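Trainee: Could you take one part of this model and go through it closely? I would like to see how the pieces around it are arranged.

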Number of protein chains: 2
Amino acid sequence: MAVIIDGKAVSKKLLEHIKSETEKLEKKPCLAVIIVGNDSASKIYVNNKKKTALSLGFESIVIELPENVSESKLIEEIEKLNNANNVNAILVQLPLPEHIDASKIIETIKPEKDVDCFHPSNVGKIAVNGNGFVYPCTPRGIFSLLDEYGISVRGKNVVVVGRSNIVGRPVAMMLLNKDATVTVCHSKTANLSEFTKRADVIVSAVGNPKFIKKEMVKTGAVVIDVGITRDRDGTLSGDVDFENVKEVASFITPVPGGVGPMTICSLMQNTLALFKIQNNLL
Amino acid sequence: MAVIIDGKAVSKKLLEHIKSETEKLEKKPCLAVIIVGNDSASKIYVNNKKKTALSLGFESIVIELPENVSESKLIEEIEKLNNANNVNAILVQLPLPEHIDASKIIETIKPEKDVDCFHPSNVGKIAVNGNGFVYPCTPRGIFSLLDEYGISVRGKNVVVVGRSNIVGRPVAMMLLNKDATVTVCHSKTANLSEFTKRADVIVSAVGNPKFIKKEMVKTGAVVIDVGITRDRDGTLSGDVDFENVKEVASFITPVPGGVGPMTICSLMQNTLALFKIQNNLL
């Protein structure tokens, strides 16, 4: 029977740590978020980021732009934030409307203020195990959980399922930097369970409810579930068939309450880290 | 008995193709190489690059700086090349003397002219399967060989041994972009042969002579040997125990004459590609 990894508790603890660090600062870290359009999920996410930032003593700027804003106007807004001395961290809420080139927007954010760590030059630094400014939020959150529960990936057989730019790819690079033997599986993988069955650690980030079954998991494996899907009746499901997999895993993250709460926590850690770098406090 | 992949022949064919393309151009692609110090191996490499470039009809610039050149002077030289309209591609020969920060130098090269594809922003574009300018030379060479022999990696179990920034890491990212299931193994991997024995394709880039043995390779596997080590008696050896492994592999690259000749070929392809991008010919 697995230990259930408590993401809420870890997140709470880390946020309290940020808050007490922030109290000691003369100036306050400032996170600026740009949101384009009226997507209701995006609005909720942005509001949570603002509320959390304020609760920690950060300054928060939210810039709301209409759905039909031009790409050049959006770029102009980002450049203002790039140049604003009081702004330490910039985030453009995704997804963006189709008429805007998301890659171009991400590349407009100054790498030194790229709190999501989506800019190619920041991604590239992770890819070559170089000295980056910060780490992408969800992968960083996964490592916070592993650290908190004393789980090392060094020399372990770690299988990442999913190859998104937000989770699968960066988490694979970071695992490699931490000396794991890393396999990335995805929709084109033949015989997925041949890989997962041998894994010491499975990180699943696919968005396919309960598709990691007990038979696919080795006894004693650590199972990290990044997937989150809302069923028709409103229930949230992860990628992992939690009730059955927890019988064989040694550690497992639930959905909700596992990796989910960590992402916003990492965002706040990153904001504080960028503030410190910019103020020569690191 | 494996098909022996003939890197010399593929390289020759691709170089002839570049030469005939170059003949049709009004302006000529220009590759600039900076070499610092007197390392004899580096001098041979740089001289080969120059000779090959000239043989294709390219322009070649070689800038030789003394071993004790300051970092700021080297940066100044790179910036001149960044700003020179006639220079399409810039390469700083590695390794650099210890008093120079290689990462800083690599980041000084304008990404649009970074012919080695070492700049973090170019690496990052590969990492997120984005639209980069060019691909790193040795990995690109491996894909040229696979293409030439009609070997697809899509859905295949590919094991990369070694995680260098020049080969292991970028080739893994490029394999993932081509829909392979990719595992990266390295010095901290426990039970390496458990991974290699299941691989449809093995790419070894470690520099440990003959350490991939026949027992570690599945019958019918494709074996790409990037390692190259000079024995005491001057013989070149790859990572793969070629004479024995070729009995079980379906395709195998020899050392020398396999991946080796491809790297300079990719460098020339990249120079031409950067020239075309800069002249709106792509």
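Mentor: Start from one pair of residues: Leu31(A) has Ala89(A), in β4(A), as its bridge partner. Strands here are DSSP runs of E with at least two residues, helices are runs of H or I with at least four, and both are numbered from the N terminus. Two strands pair if DSSP finds at least two bridges between them.

This is a predicted model, in which local features need pLDDT of at least 70, side-chain atom pairs count only at pLDDT 80 or more, and totals for chains, interfaces and linings use all residues. Residues are numbered from 1 along each chain as its sequence is written, while chains are lettered from A and ligands numbered from 1 in the order in which they are written.

In chain A, β2 belongs to an open sheet of 3 strands with parallel pairing, in the order β3-β2-β4. At the edges are β3 (59-65) and β4 (89-92) of chain A, each pairing on one side only. From one strand to the next, the twist averages 15°.

Two helices of chain A lie across this sheet. Helix α2, residues 40-55, lies across β2 and β3 and runs at about 170° to β2(A). Helix α3, residues 71-83, lies across β2, β3 and β4, at about 175° to β2(A). Contact means C-beta atoms, placed from the backbone, within 7 Å; axes are lines fitted to C-alpha atoms, for helices over the stretch in contact, and angles run from 0 to 180 degrees between N-to-C directions.

As for confidence, chain A has a mean pLDDT (the predictor's confidence in each residue, from 0 to 100) of 97, with 100% of its residues at 70 or more.
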